[in-house]
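Subject: Structure handover

Hello,

Here is the structure I said I would pass on. Please open it first, then read my notes below.

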Amino acid sequence: MPKPSGTYSTSDLSRKSGDIIAEALRHPVTITQRNKPRLVLLNIEDYQQLIRQADRRTVGTIETMPDELFAELENTVDAYAGEDEVGRS
């Protein structure tokens, strides 16, 4: 069974590191170990783009939540609690 392009074993990495690195400069390359994907090699520009995208994520708390969103959350919880009380009657 032929392996997909851009996929190499750890043994291949030992024997063909120069070729694999050259390919990784063009597109991400998967490294497998015991036929399971274990690593991805990618060029620095792709890596930096991933890091920039990850930095866009933010963490918030109820205290930092916008008032409109907090009000919507409260209304949803109240409505859900009201449905639960009706179901118990």
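Start at the hairpin. Strands β2 and β3 form it, with two residues between them. Arg 34 sits in that turn and has a positive phi of about 55°. Please keep in mind that this is a predicted model.

Now the overall layout. The protein has four helices and three strands. From the N terminus on, the order of elements is β-α-α-β-β-α-α. Of its 89 residues, 12% count as buried. The protein exposes about 7,800 Å², and carbon and sulfur atoms supply 54% of that. Among contacts with a separation of 6 or more, 8% are between residues 24 or more positions apart.

Next, the sheet. Its three strands run in the order β1-β2-β3, the sheet is open, and the pairing is mixed. Both β1 (7-9) and β3 (36-41) have a single partner strand, so each stands at an edge with one side left without a neighbour in the sheet. From one strand to the next, the twist averages 35°.

The two pairings are these:

- β1 and β2 are parallel, over three bridges. Here Tyr 8 stands opposite Ile 31 in β2.
- β2 (residues 29-33) and β3 are antiparallel, over five bridges. Here Val 29 stands opposite Leu 41 in β3.

Two residues are worth a click. One is Thr 32, in strand β2. Is Thr 32 buried or exposed? The cut-off for buried is under 20% relative accessible area. Thr 32 has 13% relative accessibility, so it counts as buried. Leaving aside neighbours within four places in sequence, Thr 32 is in contact with Thr 7, Tyr 8, Ser 9, Thr 10, Pro 37 and Arg 38.

The other is Val 29. Not counting residues up to four places away in sequence, Val 29 touches Gly 6, Tyr 8, Ile 20, Glu 23, Ala 24, Leu 39, Val 40 and Leu 41.

Then look at helix α2. This helix covers residues 17-26 and lies across β1, β2 and β3. Its direction is at about 135° to β2. Which residues of α2 are buried? They are Ile 20, Glu 23 and Ala 24. These three cover an arc of only 105° around the axis, which puts them on the same side of α2. There is a general rule behind this kind of spacing. An α-helix has 3.6 residues a turn, so residues three or four places apart point the same way.

The buried residues of α2 pack against β1, β2, β3 and α1 (10-15). The face turned away from them carries the exposed residues Asp 19, Leu 25 and Arg 26.

Last, the core. Which residues make up the largest nonpolar core? There are five: Tyr 8, Ile 20, Ala 24, Val 29 and Ile 31. The elements giving two or more residues to this core are α2 and β2. In general, nonpolar side chains in soluble globular proteins tend to be buried together.

To view these points together, centre on Val 29. Its contacts include Tyr 8, Ile 20 and Ala 24, which are also among the members of the core.

Best wishes

Key. Residues numbered from 1 in each chain as written. Predicted model: local features only at pLDDT ≥ 70, side-chain atom pairs only at ≥ 80, totals over all residues. Heavy atoms only, no water. Pairing = 2+ DSSP bridges. Axes fitted to C-alpha atoms, helices over the stretch in contact; angles between N-to-C directions. Contact = heavy atoms within 4.5 Å. Buried < 20%, exposed > 50% of the residue type's maximum accessible area, 1.4 Å probe, protein only. Arc of directions from axis to C-beta. Areas by Shrake-Rupley, 256 points an atom, 1.4 Å probe, with all protein chains shown as cover. Core = buried A, V, L, I, M, F, W, Y, C linked by side-chain atoms within 4.5 Å.
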